[in-house]
Amino acid sequence: QVSAALKEGHVTPTKLCQRCLALIKSTKFLNAYITVAEETALKQAEESEKRYKRGQPLGVLDGIPIAVKDNFNTAGIETTCASNMLKGYISPYNATVVQKLLDQGAVLLGKTNLDEFAMGSGSTDGVFGPVRNPWSYSRQYKEKSISKSHSEDEESNWVITGGSSGGSAAAVSSFTCFAALGSDTGGSTRNPAAHCGVVGLKPTYGLISRHGLIPLVNSMDVPGILTRCVDDAAVVLGSLAGHDPKDSTTIQDNFKPFELPSLPDVSKLSIGIPKEYHAPGLSSEILALWSKAADLFKNAGAKVIEVSLPHTRYSIVCYHVLCTAEVASNMARFDGLEYGHRSDMNKSTESMYAATRREGFNDVVRGRILSGNYFLLKQNYENYFIKAQKVRRLIANDFLKVFGSGVDILLTPTTLSDAVPYREFIKEDNRTRSAQDDILTQAANMAGLPAINVPTALSERGLPVGLQFIGRSFQEKQLLTAAKWFEKQVKFPMIQLEEVKRHSHDIFQHQKSASFS
Amino acid sequence: AARGCGGVWRWAWQRGARGPSPSPRGQRAAASSARGGAVLVGKSGLAPWVPVVGLEIHAQISSNSKLFSGSQVQFAAPPNSLVSFFDASLPGTLPVLNRRCVEAAVMTGLALNCSINKKSLFDRKHYFYADLPAGYQITQQRVPIAVNGSLSYSLCIDNKMSQMVTKTVRIKQIQLEQDSGKSLHDDTRSQTLVDLNRAGVGLMEVVMEPDMCCGEEAAAAVRELQLILQTLGSSQAVMAEGQLRVDANVSVHRPGKPYGVRTEVKNINSIRFLAKAVDYEIQRQIEELENGGTILNETRAFDSKLGCTVPMRDKEGKQDYRFMPEPNLPPLILYDAKSLPANMNHQQVVNIDWIHERLPDLPSVKRAKLVEQYGILPEHSFALLNEDGLTEFFENVVKQTQMKPKKVIGWILNVLLSYLKQHSLTVKESPISSLMMADLLNLLEKKEISSTAAKQVLAELWKGEEKTPLEIVKEKKLELIQDQKELEQICQAVIDGQENE
């Protein structure tokens with residue numbers, strides 16, 4: 001819709017950009033952005049404006065303000081991964097996905113906050129501090145928390161965004177941009193999407209290029225897409241997907257961008273409900289919503305059946321081994337020699353390496369490196385790494401079997417509960433939290449499957465809850481069609497933020513979900 | 001019989017003994033090994049030793065760009081001028097496999113009689129070092145591109161060119177891997193200088209099984225490999241430019257007993273030094289063991305000035321390289337005529353059969369052809385191929401002269417080649433062209449000059465003054481006198497002269 005508005009001249013790209021930048025400033029307390037690229041964004045907006053004036057916009061994304069998670073390389077703009085190791089690092093190149101967005105005329109507002117090197121499920125463990133969930137400041141949440149009569153003030157009651165792409169989710173959720181890039185390795189796009197009430201899409205592994213995405217687990221990472229509605233996600237996907245010669249793990253086949261039907265139909269679909277996703281700790285609220293959702297599909301004529309993914313319970317441990325092993329390997333390059341932080345310790349190369357890495361990485365990163373190296377030791381490799389690879393194959397096969405038996409899409413919860421307050425969240429360490437929070441999202445990364453979070457309803461506490469759809473490899477069209485249908489059914493409410501109201505203007509007011517498509 | 005290693009070892013050792021002598025004990029050991037045979041005798045003169053030598057050879061692939069990135073491959077460029085983002089290990093960069101490097105490895109595998117693995121894998125080998133920006137090297141540890149081949153090479157026995165024996169060494173495997181950068185330690189300023197130009201250049205690691213028994217065999221095997229690589233064009237294999245690096249694995253054991261502990265010898269910069277290093281190390285190990293010592297499984301460097309091996313200070317303890325599959329590279333799939341899918345053209349894939357059909361004649365084939373075509377001896381063919389451009393020179397001379405190739409070869413190998421060697425010139429730099437040589441040999445063949453005169457002419461030609469052989473002959477009045485009468489007169493004059501004394 002905003003794209004149409006740009007086209008028809010109701011609003012100009014520069015005005016749009018300025019308003020977003022202003023909103024970023026007034027929502028600074030959310031800490032969603034690490035870097036705001038004000039100058040370059042305005043320049044891009046000006047260029048876009050010229051194109052619109054000539055009647056030659058580059059496409060639907062021309063002039064649309066977007067944000068990018070700070071683990072994507074952006075030429076000339078700092079890329080930190082929320083780590084001391086890369087503070088001040090200015091990359092000389094753009095990640096392929098960033099380049100593609102820029103080539104479409106999108107306006108890059110800035111880089112969003114995350115857990116350090118994308119390790120975490122809260123967006124709380126980066127060096128720039130935690131990201132605050134915009135819903136903490138929503139009328140909906142505040143109304144519900146007044147009923148809790150403790151004398152805590154608003155300040156300490158704020159809830160987390162989830163992670164690790166919390167900054168991107170918060171940015172989209174608070175209207176500071178129309179779409180954001182995240183990354184998803186174990187649920188890092190879908191988890192914060194669920195907690196922040198936005199759409200979070202994890203595409204099939206190999207569909208979108210990882211060139212320029214600073215890797216966590218090369219065999220599971222994908223760039224993630226966060227938007228306010230499913231149609232927008234489809235548009236962004238269309239501009240990003242396809243073979244990249246710079247990334248040898250992208251598929252060679254030609255990708256054709258698709259448009260979703262305006263009246264999606266799910267009556268011919270077979271929806272699977274995996275019983276193992278009724279995981280311990282799943283809140284009764286979410287369980288009820290899940291059930292309601294299944295009924296919605298049933299009533300629409302879809303076939304809804306219970307299925308089993310028996311190896312689900314091994315996925316946490318398996319993920320832990322494979323993830324830490326790859327992390328240990330990927331982080332080996334951070335030695336302070338060519339780029340990034342370099343310690344002043346210079347007694348010897350080795351002592352410089354050790355000091356640099358101790359100073360540059362936080363506990364979480366260091367912990368994973370040590371674990372990973374342990375699993376890769378010669379005497380452990382067979383028992384841990386190889387075993388985990390085998391278990392991964394079993395987990396992937398679970399999905400193959402289910403999809404092979406006629407099920408088109410799986411419907412599951414995305415998270416175990418709604419967002420917890422920050423002070424609760426930090427009572428447990430990162431590893432414990434990740435293990436708990438990733439349980440429902442991780443398996444899709446192990447199997448390389450596409451999955452999407454669709455905001456479903458507000459919890460009793462007034463916070464967003466989402467549900468997850470998992471599809472067949474490279475069947476994003478079918479997946480997004482079902483997601484769009486569901487989105488239309490549930491009519492998830494718009495966040496009511498004071499700050500946004502202050503910056504109210506036509507665009508945001510007369511649309512239910514301020515989308516750009 | 002005094003063939004094989006023992007006698008050769010003695011010869012090589014004596015040759016080494018002429019230069020800086022590694023240790024006074026060495027000579028004693030050499031003397032007592034005169035018994036020869038395939039085993040060595042220590043200074044006690046009683047029980048024999050069996051030396052075992054294996055080689056790991058790294059050959060830089062001759063290609064325009066590096067193995068996984070597009071930066072150029074060039075020797076001696078300004079430091080850090082050929083470094084792409086990937087080579088510098090900038091975060092977020094990914095490897096993209098270079099097709100030409102794969103072809104080079106397939107060619108080499110085929111030339112060495114290997115089975116080419118239609119599916120091979122890439123792995124990461126982790127260790128921290130200043131010249132390894134990513135903290136790991138991408139190599140092929142689990143399934144390399146080629147396995148189970150063989151290399152035949154020839155040796156002269158007892159220093160006589162006339163007796164050559166053919167030996168074979170098994171090739172365990174050939175794997176593709178990245179080269180590292182270069183680091184220079186500046187001790188005066190306590191700093192290390194790192195040049196990443198070489199980081200990421202494609203290497204073929206050729207592993208030769210421990211089938212060799214002495215320095216000479218190792219040297220001959222490497223020389224033959226070098227020729228093969230240069231013939232294929234898969235590597236320029238010039239050791240002086242670091243395009244061919246050899247590490248030797250050396251151990252000794254008693255006959256019938258299990259293999260001894262081996263040491264790895266590195267830092268060998270020429271084929272000549274390879275033979276020296278291996279022989280020194282064998283000798284060192286024998287002495288150590290005979291004195292009741294033990295051999296450490298260590299890495300040693302060859303010190304060419306002192307002619308000995310010394311422990312390398314950098315390597316402490318055994319490294320665990322924490323091998324892991326390289327997740328950013330799918331398995332490397334190669335095709336042959338049978339498995340090639342119908343709709344793929346050969347531009348998109350590497351077809352083993354296609355490469356096989358286009359392999360040039362290998363050195364062994366070239367030599368056989370030379371022997372057959374020109375009637376020269378096998379050892380002549382070795383000498384011809386051993387010198388860059390010499391075969392071509394020889395063939396050009398043969399084409400332009402009536403002299404039989406069997407005679408020509410003597411002039412080429414004994415006269416021309418020794419001149420070149422004396423003045424450290426390559427064939428390309430020879431002031432005598434093949435045409436001039438041919439002209440000269442024609443004069444000789446037509447009996448217009450004697451062979452002594454011919455040598456004088458050569459000495460003149462060597463000065464490079466652009467005179468033809470005929471001109472020199474006329475100038476120096478070197479023509480053979482053909483006239484019988486004239487000869488009689490001269491002889492008579494000489495006899496008369498004698499009588500007068």
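Student: How many charged residues are in the lining of the second largest cavity?
Tutor: This is a predicted model, where local features need pLDDT of at least 70, side-chain atom pairs count only at pLDDT 80 or more, and totals for chains, interfaces and linings use all residues. Residues are numbered from 1 along each chain as written, chains are lettered from A in the order written, and side-chain values use heavy atoms, without hydrogens and water. A cavity is a set of points on a 1 Å grid over the protein atoms alone where a 1.4 Å probe fits but cannot get out, and lining residues have an atom within 4 Å of a point. Counting Ala, Val, Leu, Ile, Met, Phe, Trp, Tyr, Cys and Pro as nonpolar, Asp, Glu, Lys and Arg as charged and the others, Gly among them, as polar, this lining has six nonpolar and five polar residues, and the charged ones come to two.

Student: What volume does that second largest cavity have?
Tutor: Grid points are joined across faces, edges and corners, and the volume is the space filled by probe spheres set on the points. For the second largest cavity that gives about 50 Å³.

Student: And which residues lie nearest the centre of the largest cavity?
Tutor: That cavity holds about 170 Å³ of space. Its lining has 17 residues, and those nearest the centre are B:Phe86, B:Asp87, B:Ala134, B:Tyr136 and B:Gln178.

Student: Now the open sheet of eleven strands: which strands stand at its edges?
Tutor: Strands are DSSP runs of E with at least two residues, helices are runs of H or I with at least four, and both are numbered from the N terminus. Two strands pair if DSSP finds at least two bridges between them. In chain A the order is β1-β3-β2-β4-β6-β5-β10-β11-β9-β7-β8, with mixed pairing. Two strands have a single partner each, so one side of each has no neighbour in the sheet: β1 (33–36) and β8 (303–307) of chain A.

Student: Is the pair of A:Phe297 and A:Trp485 stacked, edge-to-face or tilted?
Tutor: Rings of Phe, Tyr and Trp (its six-membered ring) pair if their centres lie within 6.5 Å; planes under 30 degrees apart are stacked, over 60 edge-to-face, and the rest tilted. There are 26 aromatic pairs over all chains. In this one the centres are 4.8 Å apart and the planes at 45°, so the pair is tilted.

Student: How far apart in sequence are the parts it ties together?
Tutor: A:Phe297 sits in helix α10 of chain A, and A:Trp485 in helix α18 of chain A. So the pair links parts whose separation in sequence is 188 residues.

Technical notes
On a 1 Å grid over the protein atoms alone, a cavity is a set of points where a 1.4 Å probe fits but cannot get out, and a pocket is an open set with protein on both sides within 12 Å along at least five of seven lines; lining residues have an atom within 4 Å of a point.
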